[in-house]
Amino acid sequence: MNKENEHIRTNFYIDGEMDVDEVGEWVSEMHRDPSLRNETAEAQALKSLVRHAYPLEGEEKTLAWSNFFYHNRAFQAAAIALFAFGLGAFLPMDMETRSAPGDQVLVQSSDEQSVVIHIAEQDPANWLSALNKAESLSQRNVKVNILANSDGLGLMRTNTSPYANRVAQLAQKYPDLAFVACATGLAKLQRNGLDVKLLNDVKTTTSAIEHVAEKVSGGWRYLKI
Amino acid sequence: MKIIDLLCQNRQFHQSLEKSRPRLQRMARSWCGDATLADDLSQEALARALQHQGQLRSIEKFDAWIFTILSNCWREHLRRKRPNVEFHEEEHFSDFHTPESSCNERDVVARVRHEVSRLPDLQRQTLTLVDLEEFSYAEAAQILDVPIGTIMSRIHRARSKLRSALGDLQQELPTPREAPAYLRCVK
């Protein structure tokens with residue numbers, strides 16, 4: 001693949017223009033090729049820069065965070081870990097897990113053993129997958145946060161969650177498994193007149209993106225489901 | 001029942017219209033670089049949307065429809081301002097001066113806005129539709145009334161320019177190799 005094609009394909013990847021198979025191939029390729037991983041991380045960072053440069057009304061906090069981000073080396077490191085290793089290391093694992101669930105073993109390669117599982121889609125199958133993944137990790141004594149924002153908040157709201165009992169059971173069984181909802185997303189739903197009452201075991205965080213950045217900079221791994 | 005359906009659709013339309021206002025302002029601001037003009041353009045787009053509500057066939061298409069109107073408003077503004085300039089892919093560079101033009105180089109947000117404002121109009125429009133509103137390439141092609149291949153090449157060229165212009169910000173980032181791996185998977 002020449003450089004120009006690589007850039008165009010990278011754009012397809014970060015803009016969500018690839019289908020599932022293409023994403024799988026791309027992520028596998030990133031896993032093998034550090035320069036492609038770097039290229040993808042840079043492209044994603046560039047896209048984030050543009051997004052954060054034009055906040056919506058009331059998103060000045062995000063704007064301030066964006067400035068902070070680019071002047072703070074800890075957060076830069078967190079971002080690169082998020083974009084590069086989060087995509088390059090976790091996604092293949094996840095895809096392989098789907099194809100051969102019994103064959104996968106997570107191996108700890110540092111003292112830290114903590115994972116943020118991020119859900120942002122209105123998809124009960126997706127939520128179930130997040131819960132299964134969280135339980136699987138918790139059984140291995142991995143510290144887990146399931147973080148929901150945007151449409152993923154449905155998992156944690158009393159009147160929309162199809163898995164309220166499962167959430168309660170998991171929270172009771174695994175003290176190191178936390179359910180965290182984005183307060184910014186909840187406020188948006190509330191402004192649209194929706195009921196945002198949360199399940200009992202759900203905590204809130206001011207902003208999902210800040211929560212991820214904070215955790216990743218503290219050595220947690222990030223998994224988007 | 002038909003009357004109730006119509007009333008519901010009308011209510012949904014007005015809610016969508018109201019919710020789109022800040023997004024239209026943001027998009028217009030990214031295109032023109034001026035908050036006052038952005039406000040005028042978004043107001044114009046909202047007024048036209050109200051006038052031509054009947055042209056919207058399905059509320060699911062609302063976003064693409066309203067941003068198409070905004071794009072038309074912006075294009076008409078440029079035509080009034082620069083009547084003899086043809087819109088080509090590369091030649092038509094932005095000539096507006098924004099507060100960001102004299103930005104403090106340390107202010108990253110202002111720098112990004114400045115570099116975005118220096119992109120050719122059509123590349124800037126395409127990039128911001130995809131990056132700010134997350135329109136798919138197909139939707140962006142529909143909004144701007146160009147083939148999807150044009151969207152791909154504009155995105156490619158716009159990001160290449162931004163990458164060069166803002167490269168120093170990214171060079172400060174550590175490479176992925178420097179970051180430690182905490183978990184890996186084995187079979």
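Visitor: In what order do the elements of chain B run from the N terminus on?

Guide: They run α-α-α-α-α-α-α-α-β. Chain B thus has eight helices and one strand, where helices (H or I, at least four residues) and strands (E, at least two) are DSSP runs, numbered from the N terminus.

Visitor: What is the basis of these values?

Guide: This is a predicted model, in which local features need pLDDT of at least 70 and side-chain atom pairs count only at pLDDT 80 or more, while totals for chains, interfaces and linings use all residues. Residues are numbered from 1 along each chain as its sequence is written, chains are lettered from A and ligands numbered from 1 in the order in which they are written, and side-chain values use heavy atoms, leaving out hydrogens and water.

Visitor: How much of chain B is buried?

Guide: Of its 187 residues, 50% are buried, that is, they have under 20% relative accessible area, against over 50% for exposed and values in between for partly exposed (1.4 Å probe, protein chains only).

Visitor: Why is A:Pro162 called partly exposed?

Guide: The relative accessible area of A:Pro162 is 47%. This value lies between the limits of 20% and 50%, so the term partly exposed applies. A:Pro162 is placed in the loop between strand S3 (143–148) and helix H7 (164–173) of chain A.

Visitor: Which residues does A:Pro162 touch, not counting those up to four places away in sequence?

Guide: A:Pro162 touches A:Pro124 and A:Trp127, a contact being heavy atoms within 4.5 Å. A:Pro124 is 38 residues away along the chain, and the two C-alpha atoms are separated by 7.3 Å.

Visitor: What is the handedness of the crossover from S2(A) to S3(A)?

Guide: The crossover passes through helix H6 (residues 124–139) of chain A and is right-handed: with the strands pointing away from the viewer, the path from the first strand over the helix to the second runs clockwise. S3(A), H7(A) and S4(A) likewise make a right-handed β-α-β unit.
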